[in-house]
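Thanks for coming. I will go through a few places in this structure, one at a time. Please have the display open while I talk.

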Amino acid sequence: MNNLIDLSRHIPTPDAMTTVAYTPLILPVDGRQPIELRITAPALDENLPIVLFSHGGGPSNYIPSKDGYAHLAQFWAERGFAVIQPTHASSRVGGLPSDAPGAPFFWRERVAEMKAILDRLDEIQAQAPSLAGRLDHTRIAAAGHSFGGYTVGLLLGASLQREDFADPRLSAGIMMTAPGRGGTDLTPESAKRFPFFDVDFSDLTTRTLVVRGEEDDPHFTPRGPDWFADAFYDSPGAEALLTMRGVGHGLGGIAGLDARETETEAPDTLEATKRLTLAWLRTVLGVETRAWQVAGDALAGSASALAHIVSNNVGEAE
């Protein structure tokens, strides 16, 4: 029951199930502090597909950690997914020291942390007894927001100076308001500060949904909201571009319901963001083949004011 939503009700979504959450789970790492993470999953059901979620940065102290984006992870978990959220090395609350190599962005460490989770899924399950034997290691997607979207892009196949970071264990991904092209597309100051944004999306062949906010105005580049669509236009694996109307970088509030990251609190658009990304996950991970198409059909009708989809393989829906 949510009295704050209206048009998003027209985008179908499964009923919520009871979930369980384990936190903190600890993964020891040689030569550094452990990785802390949270896993949220249905209390019942078997053969659960897995979503690895990479948090962004942002001004809040705790949102950039395993404890941020809680309601987004909860929404996905209530509808059939095991969602794993690490606290990345770049986190203020639980990350590496500010004088450690790679600071302050730790972009390589973020990728390594996601791969460590994939390497050690059995170890994670051992710390979450009710999930033992219930996770499907053959159906794994990665999703991330903002700098988390950048991290996920590398894992899905984007390269940096011809260096490959792709992980074949991922069969799909979602890049939410992820940075676009670097180099000359950035302001001179940003190009100097963020040389690692100069990625090549042409090698990204994993099935990917790119999500942006219609009113997102990045300060890294003069190009405006179109910058966040670069991965869609440059990547052979990006199958759809989802533009959420009337919102900016926070997509209506995915990082936290009332967080500073939520520059526009838009409950209906937020709900649509959750429902549409869920539909994508359900389709690409083989839960419900037509879920994404059905959600797109809703946008062509009653929910058209909330979002717009452009697809590389089935035309476009508004």
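Thr277 touches Leu72, Trp76, Ile174, Met176, Leu209 and Val211, leaving aside residues up to four places away in sequence. This is a predicted model, so please take each value as computed from it. Is Thr277 buried or exposed? Its relative accessibility is 0%, so Thr277 counts as buried, the cut-off being under 20%.

Two polar contacts of this threonine are next. The side chains of Thr277 and Trp76 are joined by a polar contact of 3.3 Å. A polar atom of the Thr277 side chain also lies 3.1 Å from the backbone oxygen of Lys274.

Now the helix. Thr277 belongs to α7, which covers residues 267-284. Of the 18 residues in α7, 17 are buried, so the helix is largely enclosed by the rest of the structure.

Tyr69 is one of them, with phi of about 55°. Tyr69 sits in the loop between β3 (48-54) and α1 (70-78), and it is buried, with a relative accessible area of 2%. Thr177 is another, with phi near 45°. Its place is the loop between β8 (172-176) and α5 (188-193). Thr177 is buried too, at a relative accessible area of 0%.

Next, the cis peptide bonds. One runs from Thr23 to Pro24, with omega near -5°, and Pro24 is in strand β1, residues 19-29. Another joins Ala103 and Pro104, where omega is about -5°. Pro104 is in the loop between β4 (82-86) and α2 (107-119).

Last, the nonpolar cores. In soluble globular proteins, nonpolar side chains tend to be buried together. Which members of the largest nonpolar core touch the most other members? In this core of 53 residues, they are Tyr150 and Phe197. Not counting residues up to four places away in sequence, Phe197 touches Phe147, Tyr150, Pro179, Gly180, Arg181, Gly182, Leu186, Phe220 and Trp227. There is also a second, separate core of 46 residues, and Val51, Val247, Leu285 and Ala303 are among them.

That is the end of my list.

Key:
Residues numbered from 1 in each chain as written. Predicted model: local features only at pLDDT ≥ 70, side-chain atom pairs only at ≥ 80, totals over all residues. Heavy atoms only, no water. Core = buried A, V, L, I, M, F, W, Y, C linked by side-chain atoms within 4.5 Å. Buried < 20%, exposed > 50% of the residue type's maximum accessible area, 1.4 Å probe, protein only. Contact = heavy atoms within 4.5 Å. Helix = DSSP H or I, 4+ residues; strand = E, 2+ residues; numbered from the N terminus. Polar contact = N/O pair within 3.5 Å; in protein donor to acceptor, adjacent residues only side chain to side chain.
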